[in-house]
Amino acid sequence: GTYTFPLSLPLQEGKYYSEEAEVDLRDPGRDYELYKYTCQELQRLMAEIQDLKSRGGKDVAIEIEERRIQSCVHFMTLKKLNRLAHIRLKKGRDQTHEAKQKVDAYHLQLQNLLYEVMHLQKEITKCLEFKSKHEEIDLVSLEEFYKEAPPDISKAEVTMGDPHQQTLARLDWELEQRKRLAEKYRECLSNKEKILKEIEVKKEYLSSLQPRLNSIMQASLPVQEYLFMPFDQAHKQYETARHLPPPLYVLFVQATAYGQACDKTLSVAIEGSVDEAKALFKPPEDSQDDESDSDAEEEQTTKRRRPTLGVQLDDKRKEMLKRHPLSVMLDLKCKDDSVLHLTFYYLMNLNIMTVKAKVTTATELITPISAGDLLSPDSVLSCLYPGDHGKKTPNPANQYQFDKVGILTLSDYVLELGHPYLWVQKLGGLHFPKEQPQQTVIADHSLSASHMETTMKLLKTRVQSRLALHKQFASLEHGIVPVTSDCQYLFPAKVVSRLVKWVTVAHEDYMELHFTKDIVDAGLAGDTNLYYMALIERGTAKLQAAVVLNPGYSSIPPVFQLCLNWKGEKTNSNDDNIRAMEGEVNVCYKELCGPWPSHQLLTNQLQRLCVLLDVYLETESHDDSVEGPKEFPQEKMCLRLFRGPSRMKPFKYNHPQGFFSHR
């Protein structure tokens, strides 16, 4: 009942027995079945030997010996199977290694081919990108070539169909043209030499002419004075202008040009010491003193008491803020014979320009109390352009210079030095970019010329506007709202409410008023503005109006905030009609501008407030519980007294019908 497998093959003729050869002839599956069978047999034999030993007896030893022999045979079978398995494993590894070597060889061949392909592609690219010297030559177009080139060069029958021959022909034509141009160039050089000789002769003539002209100019001085043609004076001005620093020189030249072209009344002059200006540019004299003199000077300096740190800083500050000895004066005349005097200075170490302003009028003005800051030299030109208050230096590099000498801000010195407005720098051709600061700022004539006309018009407008306000404030302080005949149609014939007070208010006091919080929160209450308080009364009703006057008036309208004291305090926060009254003067201000340049805007707004207060009081419903006549009888004609759930009053005046309606 035993199952056996052949363990070996018979020897063939002329050959020896080899297990490696046997591996190729044996089936691994059958060997695996043999292995399982042998293991099972060993388990069975071992179990039987164990069973026999446990029973004991006389015949047991023989049976155990038989089973031991059978077990040894099975062990031999296992060893043979183990050797066959190792031989198979070795052959598999050898085959794998051989296949891997073939793959590596193929991969190496592939890499070599890829590298060769890449090399060929590079060579192809080089050939395609090769640029010949003739490609850098700007040849004439084909149409021009065939039109102008002679037939012996163009050879149209050959070159039209052959691009290579065509290019060669075009290069030949280019060479021919260049030969002709070279010949022409030599001719031009010879002509140039002749002209230079003629110029030298004329220069000698002109140099001899200068003394004669000077004598003629000297002899013509009485004629110039008689005919009001000060050529000599203008010549002296231009001689002095040579010593101006570049920014002031640019301003002088451009302002003079603008005056000659656009404004004959503009006066430009140079003030200051020319000798001091010349001394600035003189090189220091070489001191070749003897050693004894230098020793004596050293002894004297050591004996002197050294200045304190504070004195040294003061000297450094003065040197830092030093002005050029020369300045440029501009006198700008307005229509009403008022004159704006502008004096421009140049701070040499800070490389910025400053200006001082003064306004003079044909007749002496009686200055109202509230008009104190209108023509003040410190504020008359403030914010000529929006945001340009002239308190800070426009040159970013100055802050580092200030830190060295202990200057906190330039605003502490503007009263003495003048204001460094941005428009002043532009009139001098100076530009200080914030994004990319430049090492040296050069005065630019084109920058000055581009801003000259606009700035001059703004300066005239500012003076006229301030003088108009100056006159109006004199009337407002006496309780009179001056309304010109051109603006009478904007208001009804009878206005009962009257202005009783007009005073100036400090910026800090305006900020503390409880009914101006909206303006403060909106950022409209800057420290460069002017602030006033108006009080309008009618009977027991008192209307307070806090006014913010922008320096750019009248192009920028004033802003009003209202507070009515009548039957309690009413502001825009608790009364929609007060808010509507503010809208009438703040939002609908264009109706009140009047004729250009709108200098009557402020007084028209105040007169409109008086009318609005009349409408507010007259349309108020009468309390039936109070005996007697109505405090404010209705005199204004209104289409509707109220509209909407908020009972808005009719504040819009309609001319010429003369009635009030809602907007």
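In what order do the 5 strands of the open sheet with antiparallel pairing stand? The order is S5-S6-S7-S8-S9. Welcome to this structure, which is a predicted model.

- Another open sheet, made of 4 strands, runs in the order S1-S2-S3-S4 with antiparallel pairing.
- Its edges are strand S1 (267–272) and strand S4 (352–360), and each of them pairs on one side only.
- On average, neighbouring strands here are turned by 25° against each other, with direction ignored.
- Strand S3 (residues 339–347) and S4 run antiparallel and are joined by 9 bridges.
- A handy landmark is Val 339, whose bridge partner in S4 is Thr 360.

**Helices H2 and H3**

- Helix H2 (residues 28–55) and helix H3 (residues 60–129) have axes that come within 9 Å and cross at roughly 155°.
- H2 and H3 therefore count as roughly antiparallel to each other, since the angle is over 145 degrees.
- The crossing in which H2 passes H3 is left-handed.
- Sorted by class, the residues in the contact of H2 with H3 are 15 nonpolar, 5 polar and 8 charged.

- Helix H17 (residues 445–477) has 33 residues and spans 47 Å from its first C-alpha to its last, close to the 48 Å expected at 1.5 Å a residue.
- Along the way, H17 bends by about 40° at Met 452.
- Just after H17 comes Gly 479, with a positive phi of about 80°.
- Helix H10 (residues 246–261) packs with H17 at an angle of about 50°, and their axes are 10 Å apart.
- H10 and H17 are therefore oblique to each other.
- Where H10 passes H17, the crossing is right-handed.

**Backbone spots to look up**

- As background, most peptide bonds are trans, and most residues other than glycine have a negative phi.
- Where does the cis peptide bond with omega of about 15° sit? This cis bond joins Tyr 553 and Ser 554, and Ser 554 lies in the loop between S7 and strand S8 (559–565).
- A cis peptide bond also leads from His 655 to Pro 656, with omega near 5°.
- You can find Pro 656 in the loop between strand S11 (652–654) and strand S12 (659–661).
- Cys 383 is a residue other than glycine with a positive phi, near 55°.
- The loop that holds Cys 383 lies between S4 and helix H14 (398–405).

Note on methods: Residues are numbered from 1 along each chain as its sequence is written. This is a predicted model: local features need pLDDT of at least 70, side-chain atom pairs count only at pLDDT 80 or more; totals for chains, interfaces and linings use all residues. Side-chain values use heavy atoms; hydrogens and water are left out. Axes are lines fitted to C-alpha atoms, for helices over the stretch in contact, and angles run from 0 to 180 degrees between N-to-C directions. Helices (H or I, at least four residues) and strands (E, at least two) are DSSP runs, numbered from the N terminus. Angles under 35 degrees count as roughly parallel, over 145 as roughly antiparallel, 65 to 115 as roughly perpendicular and the rest as oblique. A crossing is left-handed if the near helix is turned anticlockwise from the far one by less than a right angle, and right-handed if clockwise. Ala, Val, Leu, Ile, Met, Phe, Trp, Tyr, Cys and Pro count as nonpolar, Asp, Glu, Lys and Arg as charged, and the others, Gly among them, as polar. The expected span of a helix is 1.5 Å times one less than its number of residues. The bend at a residue is the angle between axes fitted to the seven residues ending there and the seven starting there. Two strands pair if DSSP finds at least two bridges between them.
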